[in-house]
Amino acid sequence: MSDDRSVEAAVRARRSIRAFTAEPVPDATLEAILSAALCAPSGGNLQPWHIHVVRGDTLDRLKSAMRLAHEAGESEVPEHAIYPESLWDPYRTRRFQNGEDLYRTIGVERTDKAARLKQLSQNFQFFGAPVGLFFTIDRRMGAAQWMDLGIVMQTVMLLAVEHGLGTCPQAAWALWPDTLRRTLNLDADMMVVAGMALGHEDKAHAINTLRTTRQSADEAVTWHG
Ligand SMILES: Cc1cc2nc3c(=O)[nH]c(=O)nc-3n(C[C@H](O)[C@H](O)[C@H](O)COP(=O)(O)O)c2cc1C
């Protein structure tokens with residue numbers, strides 16, 4: 001039941017893209033993706049999300065601010081914890097494996113901290129994508145509303161597939177709340193949950209050869225009755 005246009009095909013085709021070409025994404029495409037994504041459901045129809053689209057001058061300014069911050073060895077107090085402290089198994093092993101697989105695609109050894117940090121810092125250049133999205137939420141919202149926001153993010157990612165575009169969701173941006181507050185002009189109540197790079201995949205780049213694995217339905221699903 002999965003032809004090229006099916007939801008299943010998009011779900012299976014989506015993967016995180018970490019190198020993009022400079023080819024621009026037309027405004028009409030962005031508008032089509034974002035307006036459709038806003039059809040996502042939310043508890044009580046609160047729609048507790050806001051999406052910031054960053055491109056052009058603003059994108060350039062943010063990217064150079066991030067380059068300078070990294071060169072100066074700066075850091076900020078993270079907006080939220082990306083992972084629980086000291087992850088336990090099986091999550092710890094999965095995360096470790098994911099990192100190993102990612103760095104292997106670009107020939108970076110585990111011991112090569114500098115090369116790893118350099119790759120990590122690519123997050124803050126949106127991996128070369130011409131569009132950066134930020135998903136914000138009112139900090140008074142709870143886990144249920146964060147779930148709503150995750151649904152919107154996945155909806156954006158699937159619609160991007162339909163438009164032949166790649167994405168990478170980026171919790172890493174939670175590490176830079178002050179810079180983002182200034183860039184996006186956020187009210188004190190609003191916080192960035194995650195960013196997302198969006199654009200055309202650089203198909204020649206080794207990092208995009210990464211294919212991640214998943215648990216089987218036997219492992220992840222329990223049937224009752
Ligand atoms: C909420 C969320 C945050 C993520 N944050 C980052 C990130 O900051 N940087 C990054 O390179 N990948 C990030 N990822 C991508 C995951 O590593 C990726 O989804 C996972 O390894 C599965 O691979 P796939 O997306 O290619 O299927 C994030 C994914 C999600 C869902």
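Here are some friendly notes on this predicted model, covering the sheet, its helices, the ligand site and a few local details.

1. Ground rules. Because this is a predicted model, local features need pLDDT of at least 70 and side-chain atom pairs count only at pLDDT 80 or more, while totals for chains, interfaces and linings use all residues. Numbering starts from 1 along each chain as its sequence is written, and side-chain values use heavy atoms, with hydrogens and water left out.

2. The sheet. Four strands make an open sheet, ordered S1-S2-S4-S3, with antiparallel pairing. Strand S1 (50-54) and S3 sit at the edges, each pairing on one side only. From one strand to the next the twist averages 25°. Strands here are DSSP runs of E with at least two residues, helices are runs of H or I with at least four, and both are numbered from the N terminus. Two strands pair if DSSP finds at least two bridges between them.

3. S1 and strand S2 (residues 131-138) run antiparallel and are joined by five bridges. If you want a place to look, Ile51 has Phe135 in S2 as its bridge partner.

4. Helices across the sheet. Helix H2 (residues 27-37) lies across S1, S2 and strand S4 (190-199), at about 165° to S1. Helix H6 (residues 143-162) lies across S1, S2, S3 and S4, and runs at about 10° to S4. The axes are lines fitted to C-alpha atoms, for helices over the stretch in contact (heavy atoms within 4.5 Å); angles run from 0 to 180 degrees between N-to-C directions.

5. The ligand site. The ligand is surrounded by 14 residues (a heavy atom within 4 Å), and the closest are Ser16, Arg18, Ala171, Ala172 and Arg214. By class, this shell has five nonpolar, five polar and four charged residues. Strand S3 (residues 166-170) supplies the largest share, three residues.

6. An oxygen atom of the ligand is 3.1 Å from a side-chain N or O atom of Thr212. The protein buries 68% of the 620 Å² that the ligand exposes when taken alone (Shrake-Rupley method, 1.4 Å probe).

7. Glu201. This residue lies in the loop between S4 and helix H8 (217-220).

8. Backbone details. Most residues other than glycine have a negative phi, and most peptide bonds are trans. Phe126, in the loop between helix H5 (113-121) and S2, has a positive phi of about 50°. The Asp89 to Pro90 peptide bond is cis, with omega near 10°; Pro90 lies in the loop between helix H3 (56-71) and helix H4 (91-105).

Terms used: Polar contact = N/O pair within 3.5 Å; in protein donor to acceptor, adjacent residues only side chain to side chain. Nonpolar A, V, L, I, M, F, W, Y, C, P; charged D, E, K, R; others polar.
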